[in-house]
Amino acid sequence: MQFEELDDLYQDIILDHYRNPRNSAKLEEPHLKAEGNNPFCGDEVAVQISFDGTDHVREVGYQGRGCSISQASASIMGELLKGKTLKEIQAIHRVFLDVMQGKNTGDSSLEDFGDLQVLKGVRKFPIRIKCALLAWSILEDGIKEYDSHL
Ligand code: ZN
């Protein structure tokens, strides 16, 4: 699928993450793991996280398959997680969710989050918004599961 209406720069960044996913090595003994899929598109994502001895993320693993949007989003997410606490990660997720759902349309709202801002172009393709949010919603479920066992 081509995204001809996406800004060329955004498209290049998305395709770069899709072709060269970051943190794709699976963590064998993660503290937190989550996986799930988006049946509308056939996307699958698995995420692993390990902490640094405090509550900050040290290592991230991500594996998956599916469309370029879902996989690029997971790769971008993985890069953002390192050094963050779960609370900080959930706060980013909330901002991203609002932006993707059109509740927060301020163009600067994702600027602090690296390549994440390129995904706001996906809002023009409502059916692909689920793809962009997949990794984040899977991780959110994983965090809730993890919290419930603390
Ligand atoms: Zn997809």
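Which residue in β2 stands opposite A34? The residue is V47. This pair belongs to a predicted model, and the views below take the model part by part.

**View 1. Three strands form an open sheet.**
The strand order is β1-β2-β3, and the pairing is antiparallel. β1 (32–38) and β3 are the edge strands, each with a single partner, so one side of each lacks a neighbour in the sheet. Neighbouring strands are turned by 15 degrees against each other on average, direction ignored. Strands of a sheet pair through backbone hydrogen bonds, either parallel or antiparallel.

**View 2. β1 and β2 make a hairpin.**
The two strands run antiparallel and are joined by 7 bridges. The hairpin has 4 residues between its strands. G42 sits in the turn, with a positive phi of about 80 degrees.

**View 3. β2 also pairs with β3.**
Strand β2 (residues 43–51) is joined to β3 by 8 bridges, again in an antiparallel run. I49 has V60 of β3 as its bridge partner. Helix α2 packs on this sheet and touches β2 and β3. The direction of α2 makes about 175 degrees with that of β3.

**View 4. Four side chains hold a zinc ion.**
The ligands are C41 (SG), D43 (OD), C67 (SG) and C131 (SG), at 2.1 to 2.3 Å. The 4 donor atoms subtend angles of 99 to 119 degrees around the zinc ion, which makes the arrangement tetrahedral. Ideal angles at a metal are 109.5 degrees for four tetrahedral donors. Along the chain, the donors follow the spacing C-x1-D-x23-C-x63-C. The pair C67 and C131 links distant parts of the chain, 64 residues apart. C67 lies in the loop between β3 (57–65) and α2 (68–81), while C131 belongs to helix α4 (residues 129–148). Both C67 and C131 are buried.

**View 5. Helix α2 is largely enclosed.**
Of the 14 residues of α2, 13 are buried, so the rest of the structure largely encloses this helix.

Helix α3 (residues 86–100) has 15 residues. From first C-alpha to last, α3 reaches 21 Å, close to the 21 Å expected at 1.5 Å a residue. Its buried residues are L86, I89, Q90, I92, H93, F96, V99 and M100. An α-helix has 3.6 residues a turn, so residues three or four places apart point the same way. The buried residues of α3 pack against β1, β2, β3, α2 and α4. Just after α3, G102 has a positive phi of about 80 degrees.

Helix α4 lies across β1 and β2, at about 145 degrees to β1. I138 lies in α4. Is I138 buried or exposed? I138 is buried, with a relative accessible area of 5%. Not counting residues up to four places away in sequence, I138 touches A34, E35, G36, N37 and V45. K33 and I138 are 105 residues apart in sequence, yet 9.4 Å apart in space, C-alpha to C-alpha.

**View 6. N104 is partly exposed in a loop.**
N104 is placed in the loop between α3 and α4. Its relative accessible area is 26%, so N104 counts as partly exposed. Leaving out residues up to four places away in sequence, N104 touches D98, V99, S109 and R123. N104 and I127 are 23 residues apart in sequence and 19 Å apart in space, C-alpha to C-alpha.

**View 7. N23 has a positive phi.**
N23 is found in the loop between α1 (8–19) and β1. Its phi is near 55 degrees, a positive value in a residue other than glycine. Most residues other than glycine have a negative phi.

Methods. Residues are numbered from 1 along each chain as its sequence is written. This is a predicted model: local features need pLDDT of at least 70, side-chain atom pairs count only at pLDDT 80 or more; totals for chains, interfaces and linings use all residues. Side-chain values use heavy atoms; hydrogens and water are left out. Donors are N, O and S atoms within 2.8 Å of the metal (3.2 Å for Na, K and Ca); water is not among the atoms, so sites may look incomplete. Four donors count as tetrahedral if all angles lie between 85 and 135 degrees; four count as square planar and six as octahedral if opposite donors are over 155 degrees apart and all others between 65 and 115; anything else is irregular. Buried means under 20% relative accessible area, exposed over 50%, partly exposed in between (1.4 Å probe, protein chains only). Two strands pair if DSSP finds at least two bridges between them. Axes are lines fitted to C-alpha atoms, for helices over the stretch in contact, and angles run from 0 to 180 degrees between N-to-C directions. Contact means heavy atoms within 4.5 Å. The expected span of a helix is 1.5 Å times one less than its number of residues.
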